[in-house]
Amino acid sequence: MASAVRNVDTNDNGSVLKEDSAGAVARHAGRQPALTGCPWHDVNEMLQAAGLRPTRQRMALGWLLFGKGARHLTAEMLYEEATLAKVPVSLATVYNTLNQLTDAGLLRQVSVDGTKTYFDTNVSAHHHFYLENNHELVDIPDPHLVLQKMPEVPEGYEIARVDMVVRLRKKR
């Protein structure tokens, strides 16, 4: 595989994915969610389209996650937001919900350093800057970022997704 690859994100059969979360889940579930712009209604539709029951806790966490546009959050950050918003959830419930939303295709998991995991509400194919000083993950705005050469894939495997994280720190 020596060809140039742009913002690679593939599904199970190797074809490239470039969809937003609601659209991808709806097509997977066979119906288009009726998004209205009302975050509570939209979260309900997204959960149902993904095959997840819209429980009170999933709805509240989904509202916190998706009601503010594209975001990168750790479980601890979402737990803190939930606590401030008086949403009665445990940290374990936050982790479980984030993992369920990731498995359903509504979130994208991005690992930094193997110790910190961020959950990205933007599930389209894109890459990230990691600001070391702030411990913050931000989208790389260049849609033409190119990976020149892909490595050979071992027998029996296929590339599921390429995540590029470019680490940045303030100049000294």
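Tyr130 stands opposite Leu137 in strand S6. This pair belongs to the contact between strand S5 (residues 128-131) and S6, which run antiparallel and are joined by 4 bridges. Strands here are DSSP runs of E with at least two residues, helices are runs of H or I with at least four, and both are numbered from the N terminus. Two strands count as paired if DSSP finds at least two bridges between them. The model is predicted: local features need pLDDT of at least 70, side-chain atom pairs count only at pLDDT 80 or more, and totals for chains, interfaces and linings use all residues. Residues are numbered from 1 along each chain as its sequence is written, and side-chain values use heavy atoms, with hydrogens and water left out.

S5 and S6 sit in an open sheet of 3 strands, in the order S6-S5-S8, with mixed pairing. Strand S6 (136-139) and strand S8 (165-168) stand at the edges. Each has a single partner strand, so one side of each is left without a neighbour in the sheet. Neighbouring strands of this sheet are turned by 30° against each other on average, direction ignored. Strands of a sheet pair through backbone hydrogen bonds, either parallel or antiparallel.

His135 lies in the loop between S5 and S6. Its phi is near 55°, a positive value in a residue other than glycine. Is His135 buried, partly exposed or exposed? At 47% relative accessibility, His135 counts as partly exposed. The cut-offs are these: buried means under 20% relative accessible area, exposed means over 50%, and partly exposed lies in between (1.4 Å probe, protein chains only).

Now step back to the whole chain. The protein has 5 helices and 8 strands. Along the sequence they follow the pattern β-α-α-α-β-α-α-β-β-β-β-β-β. Of its 172 residues, 36% count as buried.

A second open sheet has 3 strands in the order S2-S4-S3, with antiparallel pairing. Its edge strands are strand S2 (72-73) and S3, and each pairs on one side only. S2 meets S4 in the antiparallel sense over 2 bridges. There, the bridge partner of Leu73 is Phe119 in S4.

Val110 has Tyr118 in S4 as its bridge partner. The two strands form a hairpin with 3 residues between them. In the turn, Asp113 has a positive phi of about 65°. Which side chains of S3 are buried? Arg108, Val110 and Val112 are, and they point to one face.

Turn to the helices. Helix H5 covers residues 91-103. At 1.5 Å a residue, its 13 residues should span 18 Å, and its end C-alpha atoms are 18 Å apart, which agrees. The expected span is 1.5 Å times one less than the number of residues. Val94, Thr97, Leu98, Leu101 and Thr102 are buried in H5. Seen down the axis, the buried residues fall within an arc of 135°, so they line one face of the helix. That arc is taken over the directions from the helix axis to the C-beta atoms. An α-helix has 3.6 residues a turn, so residues three or four places apart point the same way. After H5 comes Gly105, whose phi is positive, near 90°.

Val94 deserves a look. At 0% relative accessibility, Val94 counts as buried. Its C-alpha atom is separated by 8.8 Å from that of Gln57, 37 residues apart along the chain. Helix H3 (residues 56-66) is mostly covered, with 8 of its 11 residues buried. Among them are Met59, Leu61, Leu65 and Phe66.

Helix H4 (residues 75-84) packs against H5 at an angle of about 120°, with the axes 9 Å apart. That makes H4 oblique to H5. Axes are lines fitted to C-alpha atoms, for helices over the stretch in contact, and angles run from 0 to 180 degrees between N-to-C directions. Angles under 35 degrees count as roughly parallel, over 145 as roughly antiparallel, 65 to 115 as roughly perpendicular, and the rest as oblique.

Lys86 lies in the loop between H4 and H5. Lys86 has a positive phi of about 65°, although it is not a glycine. At 72% relative accessibility, Lys86 counts as exposed.
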